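I opened the file and kept short notes on what I looked up. The entries follow in order.

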Amino acid sequence: MARTTTLHGKRVRPKLSSGQKEERRARQMKLASDIASARGAYAQEARDIAQTHGRSLKWTRVQLLMGQNLRDRRRINSWNAFIRAKLREVNAGRDRGDRVKLTQFVAQNKDDLLVAYKNLTPAQQEAYNAEVQVARDTKVVIARSNPKAVSHTVSAAFANMDREWTALCAQTGLEGFYIAVRGTVEDLSEPKVFFTQKAENFVRTVLDIEPRRLALRLESWVVSGLDMPNTTKYQHPLNKLISECRALIQEELDYLLTKKKVSTNVKMNYTNYERQIVERYGVMLTGWPFSGAVRNPSKIGGRAEVEKLLDALNSETCKWVRLTDEELRARVIHNKERQARGETVYQPRRTHTIKASTTHVRTSSVCSATSADSNSD
């Protein structure tokens, strides 16, 4: 039935005829009748299940999610509230070890308590109930250190959540799922999952994984600590990072020397860097991220220093440059002045010691010489 609008933008419905009104009323009655029939069939099914399995109708309705009031805690009982107040009066002023136990108190004073409870007015019962409610609201929940107790608490909470989710989905037609896993290895709670039928089909078809396996993967990812932010930028071992730094330095040196038409294969010399690299080939490594001279990456420090050098090499803040003739002459003069002041700029060459060669006389030669002497005699 189309809607129309007036000049002022107000929506109005066209006037219905008597036949259209009867048709609309018939559709509404048919919908209400179908919903009532479904509810009746559902209620009859609950009665049949309760009778077959010997359960109460109320219990069966709760299991079939027909109960409308799913509470996190039990409703306050007036008798329990009354007993609690009387026991607190008896134990007033007593030390912890001398207090009367609840079972002992009820057994000794059962008749008097029943008479006193029957004489309570509704207002007095409500007062006791309100006192218990206030105690519940103001109670401080203490964190449990017992893993089994925590596991039982979690299981009970999620059992209630499963009923509430199932009831909500049945009443509103919602589809979805949730997965909850333990956060540490010390927890004993199993993965808690809830999937509606369409959500379960989605996980199996689109994600190509079983719902339970998805929960186990999430648990292993959380427990292993992979969800924590990674403070290490590079995942390789330290020796691999050092090798990578050396390789980058050598590759850039080879590239620059090739542009200078140096045909020989020059290996990076960290020990005599100034003499064998800078002064000999007229190139230098600028942007060295540490104080002091250029050193072997294995001797600059720990992992943090090596990663810092690797970042500088990758970002080219530390790179090889070609020196002009004037820059090279100034560099040589500066190095010699530093060496004269006592700084170790040029490492001395290793002295090669020539070992005296020892002559090994063969046994056969000695034997032949001895035989020759004997023959001559």
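What share of the 377 residues of the protein counts as buried? I find 22% buried, where buried means under 20% relative accessible area, with a 1.4 Å probe and protein chains only.

I note that this is a predicted model, in which local features need pLDDT of at least 70, side-chain atom pairs count only at pLDDT 80 or more, and totals for chains, interfaces and linings use all residues. Residues are numbered from 1 along each chain as its sequence is written, and side-chain values use heavy atoms, without hydrogens and water.

I looked up the secondary structure and got 14 helices and 6 strands (DSSP runs, H or I of at least four residues for helices, E of at least two for strands, numbered from the N terminus).

Next I took helix H3 (residues 78-90) and helix H6 (residues 122-138), whose axes come within 9 Å and cross at roughly 75 degrees. The axes are lines fitted to C-alpha atoms over the stretch in contact, with angles from 0 to 180 degrees between N-to-C directions. H3 and H6 are therefore roughly perpendicular (65 to 115 degrees). Residues in the contact (heavy atoms within 4.5 Å) include Phe 82 and Arg 84 of H3 and Tyr 128 and Glu 131 of H6.

I then searched the whole structure for disulfides (cysteine sulfur pairs within 2.5 Å) and found 0. For Cys 245, the nearest cysteine sulfur is that of Cys 318, 9.3 Å away. Cys 245 is buried at 0% relative accessible area, and Cys 318 is buried at 3%.

Methods: Buried < 20%, exposed > 50% of the residue type's maximum accessible area, 1.4 Å probe, protein only. Parallel < 35°, antiparallel > 145°, perpendicular 65-115°, else oblique.
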